[in-house]
Amino acid sequence: MSDLIKEEELKKEVEEKFQNSLTESNITRKNRIWFTINSEKAIDLMSFLKEKGYFHLSTITGFDEGENLGAIYHITDYKTIVNVRVKTPKSNPKLASVLKVFSVAESFERELEDLFGITIEGLPQGRNYPLPEGFPKGVHPLRKEVKLEELIDKLNKQEEK
Amino acid sequence: MKLKDKIILWSRLKSPWILHFNSGACNGCDIEVVDALTPKYDVERFGLVLKATPRHADVLVVSGPVTRQQAKRLKRIYDQMPEPKFVLAVGACACSGGVFDGCYSVLGGLDKIIPVSAYIPGCPVRPEAIIDAVVKLITTLEAQNKKKVISK
């Protein structure tokens, strides 16, 4: 384990600081660290990581697990990637915005809002970002329950109008 | 045919100005279009010049499938071009939708939105194919106009 010194150190520090809210933490290989954390504490963890030198949010991945929706924030110092996984129930999906920590997050968060239907609190108002104007409201195409054929039919009917 | 019309026809055949538009391509065809324009293949020797605005262009070169986001914008750019106007569909995606056909965000081929003058298949197209299409477009125009002159 001699080549995982940096990773082990960060894991230990985060585990101590976020004891109550951290649900999972592991190191999959060199330069890859994973944390799963409650959505309330996610912003605190990310600002802590930024202080530690992980200054770049490369992207946010959204996912749909059936009961839960969620997002993975990939934060890097250009060498090590720290993945922060946050989950939120599908019945009332809500996440806080990370704009204050990483100002690049705006476009990624708009994508989460449009494609997964997760409400991002603290995101300024704006038009649809990846989806075109006039896209049916309440349809989030990357969710599992959306059927491709039905969606295309709906869109084509709308186009004809 | 009046002298004025002759001059206009001559200039139109000798230098068709083109506008390149990406309607949702993966960038492969865009690079091939640039490849055809730059010195190695050099379509500029036929008088083709890449223009920055649809109001100056005679030929619209479209690469990529038409996405729902771009459809309105593409129509608008097509409407801004002066008559007579021609459209080249570059690549398999612009011809039929290609691998992206059937996706919720893609409408399909280019001919669902605007009339197309020539289809250039390939994924990505070879610059030779683009040159061939351009030459064929010019020669058919020439032939059509000669017919008109003869019939008059």
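**Pockets, cavities and what lines them**

Modeller: Happy to! Let me start with chain A, which has 4 helices and 7 strands, where helices (H or I, at least four residues) and strands (E, at least two) are DSSP runs numbered from the N terminus. This is a predicted model, so to speak: local features need pLDDT of at least 70, side-chain atom pairs count only at pLDDT 80 or more, and totals for chains, interfaces and linings use all residues. Residues are numbered from 1 along each chain as its sequence is written, chains are lettered from A and ligands numbered from 1 in the order in which they are written, and side-chain values use heavy atoms, with hydrogens and water left out.

Read from the N terminus, the elements of chain A follow the order α-β-β-α-β-β-β-β-α-β-α. Its C-alpha trace spans about 65 × 30 × 30 Å along the principal axes. Chain A has 161 residues, and 45% of them count as buried (under 20% relative accessible area with a 1.4 Å probe, protein chains only; exposed is over 50%, partly exposed in between). If you take the contacts in chain A (heavy atoms within 4.5 Å) between residues at least 6 apart in sequence, 46% of these join residues at least 24 apart.

On a 1 Å grid over the protein atoms alone, a cavity is a set of points where a 1.4 Å probe fits but cannot get out, while a pocket is an open set with protein on both sides within 12 Å along at least five of seven lines; lining residues have an atom within 4 Å of a point. Points are joined across faces, edges and corners, and a volume is the space filled by probe spheres set on them.

The largest pocket has a volume of about 320 Å³. It has 18 lining residues, and Glu113(A), Asp114(A), Gly126(A), Asn128(A) and His140(A) are the closest to its centre. Two or more lining residues each come from α3 (105-116) and β7 (119-121) of chain A, and α3(A) gives the most, with 3 residues. By class, the lining holds 7 nonpolar, 6 polar and 5 charged residues. Here Ala, Val, Leu, Ile, Met, Phe, Trp, Tyr, Cys and Pro count as nonpolar, Asp, Glu, Lys and Arg as charged, and the others, Gly among them, as polar.

Chain A brings Pro132(A), Glu133(A), Gly134(A), Phe135(A), Leu155(A), Gln158(A) and Glu159(A), and chain B brings Arg68(B), Gln69(B), Ala71(B), Lys72(B) and Arg73(B). At least two residues each are supplied by α4 (148-160) of chain A and α3 (68-80) of chain B, with α3(B) giving the most, 5 residues. This lining divides into 4 nonpolar, 3 polar and 5 charged residues.

Chain B has an open sheet of 5 strands in the order β2-β1-β3-β5-β7, with parallel pairing; strands pair if DSSP finds at least two bridges between them. Its edge strands, β2 (49-50) and β7 (118-120) of chain B, each pair on one side only. β1 (17-22) of chain B pairs with β2(B) in the parallel sense over 2 bridges, and Ile18(B) stands opposite Leu50(B) in β2(B). Helix α2 (28-37) of chain B lies across β1, β2, β3 (59-63) and β5 (86-90) of chain B and runs at about 160° to β1(B). α3(B) packs on the sheet too, touching β1, β3 and β5 of chain B, with its direction at about 170° to that of β1(B). Axes are lines fitted to C-alpha atoms, for helices over the stretch in contact, and angles run from 0 to 180 degrees between N-to-C directions.

The largest cavity holds about 60 Å³. Ile18(B) is one of its lining residues, along with Val33(B), Ala36(B), Leu37(B), Val43(B), Leu48(B), Val61(B), Leu88(B), Ile130(B) and Val134(B). Both α2 and α5 (127-151) of chain B supply at least two residues of this lining, and α2(B) has the largest share, 3 residues. The lining has 10 nonpolar, no polar and no charged residues.

The second largest cavity, about 40 Å³, is lined by Ser39(A), Ala42(A), Ile43(A), Met46(A), Tyr73(A), Leu95(A), Ala96(A) and Val98(A). Here α2 (42-51) and β6 (94-96) of chain A each give at least two residues, with the largest share, 3 residues, from α2(A). By class there are 7 nonpolar, 1 polar and no charged residues.
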